[in-house]
Amino acid sequence: MNPLTAPLEEQLGRIVPEQLGDTGFCQELGIRYPYLGGSMAKGISSVPLAITLGKAGMLGFFGAAGLPLAAVEAAVDQLLAGNVPFGCNLIHSPQEPDLEAALAELYIRKGVQLVEASAFLALTLPLVRYRLHGIHRGADGSIVTPNRIIAKVSREELAEKFFSPAPEKLLNSLLQQGLITAEQAELARQIPMAQDITAEADSGGHTDNRPALTLLPTIQSVAQRMQQQFNYPMQLRVGLGGGIGTPQSAAAAFSMGAAWIMVGSVHQACVESGTSDTVRSMLAETRQADVTMAPAADMFEMGVTVQVLKRGTMFAMRAAKLFELYRSHNNLEAIPAAEREKLEKTVFLAPLEQIWQQTRSFFLQRDPRQVERAEREPKHRMALVFRWYLGQAAHWAKDGDPKRTIDYQVWCGPAMGAFNEWVKGSPLEAPANRRAACVARNILEGAAAISRANLQRFTGGSSSSQMMKPEIKEFLA
């Protein structure tokens, strides 16, 4: 049959998930599908989750933020032994710059060649040091950068920083310390800090709650402008994360030109994640409006917030109260007696002085300078005590502490509610059946089917409304 006279459905052929996104991006990362598992702190995006995604032809980032260096090193060793593509998180730590530097050095020493840079407010020396380690010219004269950064940003000014070469000030500092050569500094001026950026829309955890429909084209425009400005030898690329938990949202991202999609909240509800079964059950009951913003433990004093689950927990409300008290008082002693008593009985379940002694012991081991500052500045001591609650709330949730369910801090975005509505009545409705590879394949296969149906409709054919909710399949890992 003449292909030009064949029915439209036959002319269009089948769209497969491998055709979505940017094939060059997938080839460079050694993956089959344009699908990334975003990092979730404290190992919630776990080693098993990253390895599962890697074996399925995707890539997962290990959530190193908030973990001791020894735990991260052990995880990296397991990931390297897994022999699959993977990455690790490098989160900006303005309150603990030494920890950020130590983590970057650990990745360099272990040969981790891909990091997801998240929550950065500006480029830092450890990040630049990681990016430029081992930079050289290849035999063909091209610039070879062994270490790759995929930055996660939600603001254009940060996208500009990552799409630009390393700042001269930081290059000079690395030169003075003997960490790079003059030749390497010159090569650094010809490449971006990150070739790839994930535009982070309305996600769980650190987020600016940006709408994906406006954020992605904005960051894509920045990429085009920076490409023209610097005339890089490689193409700048933009993917999309935040709010993606269904085939429809994935198809929308790819139709807008996303080079890849990144999924986070939905993976936390999968059996491979590093959280508790209690949290997985809570997430399975989550609706789209069951999330809210709360003060962030790592940037508490700065007023930075994170998106968390509000259904079944009082964490967000209690954390907001702590930040209100921090802003209103100069020290713990200034808190009215009745208010302090209420905190000790309902939030901390212990005298504040006892909490301070625990916090003090922790920081004497982790970062003694925090203790020195707290003993000089009573307001900083108050901040550390309040951060104790915020930090512990994440551990209580991750560990499934039955005595602290009401205080669970669960990072979660509205994608979780959309996912739950999509899988209602299917095998994936039950938390025990939510395996990351199966979830990911259904999102991708569904996105491909929707893309084909839309193409058929746009070219004059008809498309079934059923294509807007593709059938959920049980893919084998």
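Arg-360 is partly exposed, with a relative accessible area of 26%. The model shown in these views is predicted. Across the model, the count comes to 33 salt bridges. Side chains of opposite charge can pair when their charged atoms come close.

**View A. Glu-375 pairs with Arg-360 in a salt bridge.** The closest N and O atoms are 2.9 Å apart. This pair links distant parts of the chain. Glu-375 sits in helix 17 (residues 368-376), while Arg-360 belongs to helix 16 (residues 352-366). The two are 15 residues apart.

**View B. Glu-341 and Lys-345 form a salt bridge.** Their closest N and O atoms lie 2.9 Å apart. Both residues are in helix 15 (residues 337-347). They are 4 residues apart, about one turn of the helix. Glu-341 has 41% relative accessibility, so it counts as partly exposed. Lys-345 has a relative accessible area of 58%. Exposed means over 50%, so Lys-345 is exposed.

**View C. Arg-373 forms a salt bridge with Glu-377.** Here the closest N and O atoms are 3.1 Å apart. Arg-373 is partly exposed, with a relative accessible area of 33%. Glu-377 also counts as partly exposed, at 33% relative accessibility.

**View D. Four residues are linked in a network of salt bridges.** The members are Glu-28, Arg-148, Asp-196 and Arg-237.

Notes. Residues are numbered from 1 along each chain as its sequence is written. This is a predicted model: local features need pLDDT of at least 70, side-chain atom pairs count only at pLDDT 80 or more; totals for chains, interfaces and linings use all residues. Side-chain values use heavy atoms; hydrogens and water are left out. A salt bridge is a side-chain nitrogen of Lys or Arg within 4 Å of a carboxyl oxygen of Asp or Glu. Buried means under 20% relative accessible area, exposed over 50%, partly exposed in between (1.4 Å probe, protein chains only).
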